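Here is a short tour of one chain, written to be read with the structure open beside it.

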Amino acid sequence: SAFKRALDDILDIVDKTAKPVNSSDYNEMLNIVKTTVGTKYMSRWGNLICDLAIKSTQTVAIGVAASDNTEDEKYSVGGRAEIDIKRYIRVEKIPGGEVEQSTVLSGLLLNKDVVHPKMKREMKNPRIVLLDCPLEYKKGESQTNIEIQNEADWNRILQIEEEQIQQLCSRIIEFKPNLVITEKGVSDLAAHFLMKAGISAIRRIRKTDNNRIARATGATIVNRVEDLRENDIGTGCGTFKIEKIGDEYFTYLVDCESPKACSIVLRGPSKDILQEMDRNLQDAMAVARNVMLYPKLCPGGGATEMAASVGLKERGKTVEGMQKWPYLALAEALEVIPRTLIQNCGGNAIKVLTDLRAHHAQGHTTYGVEGDQGIVIDMKDYGVWEPHAVKIQTFKTAIESACLLLRVDDIVSGVSSKQKHPQGEQQEAQPQMMGA
């Protein structure tokens with residue numbers, strides 16, 4: 001219970017040291033995300049990766065102060081903010097080109113081409129139909145055998161197949177769409193009918209891509225062509241075009257009105273560099289998301305841990321009996337972070353820690369360790385900040401894990417059976433067993 005009380009006190013101290021941040025201010029967000037990328041490979045391209053991370057995260061943000069969109073209510077989960085960077089941001093890695101060509105699209109990019117070569121490859125404000133069913137004739141559920149006596153019957157069977165496909169296509173054509181996208185196959189005949197009607201078709205796209213298109217264009221994914229309605233058609237896309245990059249064709253659905261999903265195009269000389277760019281980008285997006293959901297920042301460089309440590313020592317003096325010891329033990333343990341930072345850059349740990357402790361005792365809670373020279377510096381001026389949500393989660397996890405280990409102490413102490421029974425006892429036990 002003392003640990004739990006200490007945790008509450010730590011959270012209280014962290015809240016006091018944290019400063020609020022305006023997540024809709026681009027420059028403030030840029031400074032925060034820069035801290036993440038600063039030591040990584042992508043830092044040599046300046047603000048490029050930070051820019052991609054902030055723009056994409058703000059695009060998919062729903063119900064956050066940064067976006068004042070009325071459409072947010074349509075997608076929000078129970079009225080709370082949601083930023084799903086895993087599901088709604090697609091990172092497309094295309095080898096070739098320069099790193100500076102990387103960009104965030106106001107829509108989506110698919111590695112697909114149209115089904116028929118004569119179909120349109122570019123159009124403005126397309127009406128889009130999204131399907132989750134094949135545009136092919138319906139095969140029997142189980143193995144079907146047909147015995148035919150007349151040649152006319154064989155022709156009739158083929159005709160029925162054609163009629164079935166024509167029926168599907170005419171149902172789609174009724175709604176005058178410009179683009180049909182399906183997760184399943186499109187037969188040659190269906191492609192022919194759609195092409196005649198001036199409709200472009202794209203087939204066999206991923207389920208996740210279909211969900212993103214639905215979110216970006218305002219369309220609804222339809223499972224049966226018969227169930228298609230006018231309000232299922234997506235009209236939110238500004239431009240549909242297909243471009244060839246390298247040897248492959250890519251479909252762009254861009255200039256969307258208010259896309260709640262987007263694609264990030266990463267360009268680079270090789271696949272290894274693209275993988276590294278992707279990893280750095282994921283870190284940057286995670287930080288941007290955390291700050292948008294919980295717009296508070298804590299000072300970095302071990303300042304928050306030191307503030308918590310000094311605060312716990314002060315509060316530990318007011319606690320009586322056995323409960324004061326966990327307070328003091330935690331206060332000492334939290335000093336590990338600034339001490340490690342000092343040791344990493346070859347500083348004098350005892351001298352710098354004492355100096356840092358003195359600053360915090362005077363109430364300078366933003367003072368921390370500078371990572372290059374190992375000196376005490378004000379993090380407010382130095383510009384190293386960490387998301388409040390991450391800090392709090394770290395403290396909670398650490399203390400709850402410690403409580404868990406203390407509860408099951410007899411299991412964790414890994415004393416083997418050999419140590420419990422000295423060698424002599426085991427040897428005595430063996431003849432008895434053999435006799436038995």
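Of the 436 residues of the chain, what percentage count as buried? The figure is 43%. Please keep in mind that this is a predicted model. The chain holds 18 helices and 16 strands. Among contacts with a separation of 6 or more, 74% join residues 24 or more positions apart.

In soluble globular proteins, nonpolar side chains tend to be buried together. The largest nonpolar core here has 42 residues, and the members that touch the most others are L131, L135, I181, L194, I213, F240 and L253. Several elements give two or more residues to this core, including strand 4 (108–110), helix 6 (151–173), helix 8 (207–217) and strand 10 (239–245). Helix 7 provides the largest share, five residues.

Four strands form an open sheet in the order 4-11-10-5, paired in the antiparallel sense. Strand 4 and strand 5 (122–124) are the edges, each pairing on one side only. From one strand to the next, the twist averages 25°. Three bridges link strand 5 and strand 10 in antiparallel fashion, and M123 has F240 in strand 10 as its bridge partner. Helix 8 lies across strand 4 and strand 11 (248–254), at about 150° to strand 4.

The loop between strand 4 and strand 5 contains K120. Not counting residues up to four places away in sequence, K120 touches V114, G198, S200 and F240. K120 and K241 are 121 residues apart in sequence, yet their C-alpha atoms are 8.7 Å apart in space.

**Two residues and their surroundings**

T36 belongs to helix 2 (residues 26–37).

| Residue | Relative accessibility | Class |
|---|---|---|
| T36 | 17% | buried |
| K120 | 46% | partly exposed |

The cut-offs explain these classes: buried means under 20% and exposed over 50%, so a value in between is partly exposed.

**Helix 13, one face in and one face out**

How does the span of helix 13 (residues 349–361) agree with what its 13 residues should give? At 1.5 Å a residue the helix should span 18 Å, and its end C-alpha atoms are 18 Å apart, which agrees.

Which residues of helix 13 are buried? They are A349, V352, L353, L356, H359 and H360. Seen down the helix axis, these buried residues fall within an arc of 120°, so they line one face of helix 13. An α-helix has 3.6 residues a turn, so residues three or four places apart point the same way. The exposed residues I350, K351 and A361 sit on the face turned away from the buried side of helix 13.

The buried residues of helix 13 pack against helix 10 (303–316), helix 12 (336–344), strand 14 (367–369) and strand 15 (376–378). Just after helix 13 comes G363, with a positive phi of about 95°.

Methods
Residues numbered from 1 in each chain as written. Predicted model: local features only at pLDDT ≥ 70, side-chain atom pairs only at ≥ 80, totals over all residues. Heavy atoms only, no water. Core = buried A, V, L, I, M, F, W, Y, C linked by side-chain atoms within 4.5 Å. Buried < 20%, exposed > 50% of the residue type's maximum accessible area, 1.4 Å probe, protein only. Expected span 1.5 Å × (residues − 1). Arc of directions from axis to C-beta. Contact = heavy atoms within 4.5 Å. Pairing = 2+ DSSP bridges. Axes fitted to C-alpha atoms, helices over the stretch in contact; angles between N-to-C directions.
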